[in-house]
Amino acid sequence: MAVPTRANPKGDIIGKIGRGLNLLVGIAATDTDAELDWMVRKCLELRLFGDQQDGSRWKKSVQEIGGELLVISQFTLYADCRKGRRPSFDRSADPKVAQQLYNRFVEKLRQSGLRVETGQFGAMMQVSIENDGSVTLLLEREIA
C-alpha cells in the first residue's frame, strides 16, 4: 500500500499517486491474457486496506477505498540468481511481448474507473515508494 508513490526517469515525474497500490509488474515468458485477467482481479479485489471507522485491518480493497494505482514494469522480478554471479532473465518475457502484455494489463486496470498511472516501460527509473505499513505481497498465478 503506497502513499504517495512516484516514478521519474531522467528527473521528470511521469507517474504519481496518492493512497493506493504500487504494482511492480514482471511479465513471464509463459504469461497470457488469462494471467492478466487473474492479476487484475486480484489487484483490484484483495482486501489490503483497513477500515478507518472501526480500526479493523485487511477489510477493504483498493476499489472500495477509491484508491489509485501506479504500475511499474519490472522484468528483474524474474531474475534467477541460483547459478553463477550474474542473474539470468530466461523466465522473463521477450521485451516486445512483455510490453504488449504490460499495456493490456494497464488498460484492464483502467477499465475499473480508478486512477492508474504508469512508469515508462523499459526505462531506468527512480521509483519512490512510501509504504503505509510494511506490506509487500508477491502475486503469482501458477500455470494450470
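Biologist: What volume does the second largest pocket have?

Modeller: The second largest pocket has a volume of about 410 Å³, where a volume is the space filled by probe spheres set on grid points joined across faces, edges and corners. This is a predicted model, in which local features need pLDDT of at least 70 and side-chain atom pairs count only at pLDDT 80 or more, while totals for chains, interfaces and linings use all residues. Residues are numbered from 1 along each chain as its sequence is written, and side-chain values use heavy atoms, with hydrogens and water left out.

Biologist: Which residues that line the second largest pocket are the closest to its centre?

Modeller: The lining comprises 19 residues, and the closest to the centre are Ser-73, Gln-74, Phe-75, Thr-76 and Gly-122. A pocket is, on a 1 Å grid over the protein atoms alone, an open set of points where a 1.4 Å probe fits, with protein on both sides within 12 Å along at least five of seven lines, and lining residues have an atom within 4 Å of a point.

Biologist: Why is the pair of Tyr-102 and Phe-121 called tilted?

Modeller: A search of the whole structure finds 2 aromatic pairs. In the pair of Tyr-102 and Phe-121, the rings lie 5.5 Å apart centre to centre, with 50 degrees between the planes. Rings of Phe, Tyr and Trp (its six-membered ring) pair if their centres lie within 6.5 Å, and planes under 30 degrees apart count as stacked, over 60 as edge-to-face and the rest as tilted, so this pair is tilted.

Biologist: What makes Tyr-102 count as buried, and Phe-121 as partly exposed?

Modeller: Buried means under 20% relative accessible area, exposed over 50% and partly exposed in between (1.4 Å probe, protein chains only). Tyr-102 has 3% relative accessibility and therefore counts as buried, whereas Phe-121, at 25%, counts as partly exposed.

Biologist: Is Glu-68 buried or exposed?

Modeller: With a relative accessible area of 19%, Glu-68 is buried. Glu-68 lies in strand E4, a strand being a DSSP run (E) of at least two residues, numbered from the N terminus.

Biologist: What does the side chain of Glu-68 reach at 2.5 Å?

Modeller: The side chain of Glu-68 reaches the backbone nitrogen of Gly-18 at that distance. Leaving aside neighbours within four places in sequence, Glu-68 is also in contact (heavy atoms within 4.5 Å) with residues including Ile-17, Arg-19, Val-62 and Arg-115.

Technical notes. Helices (H or I, at least four residues) and strands (E, at least two) are DSSP runs, numbered from the N terminus. A polar contact is a pair of N or O atoms within 3.5 Å; within protein, one must be able to donate a hydrogen and the other to accept it, and residues adjacent in sequence count only if both atoms are side-chain atoms.
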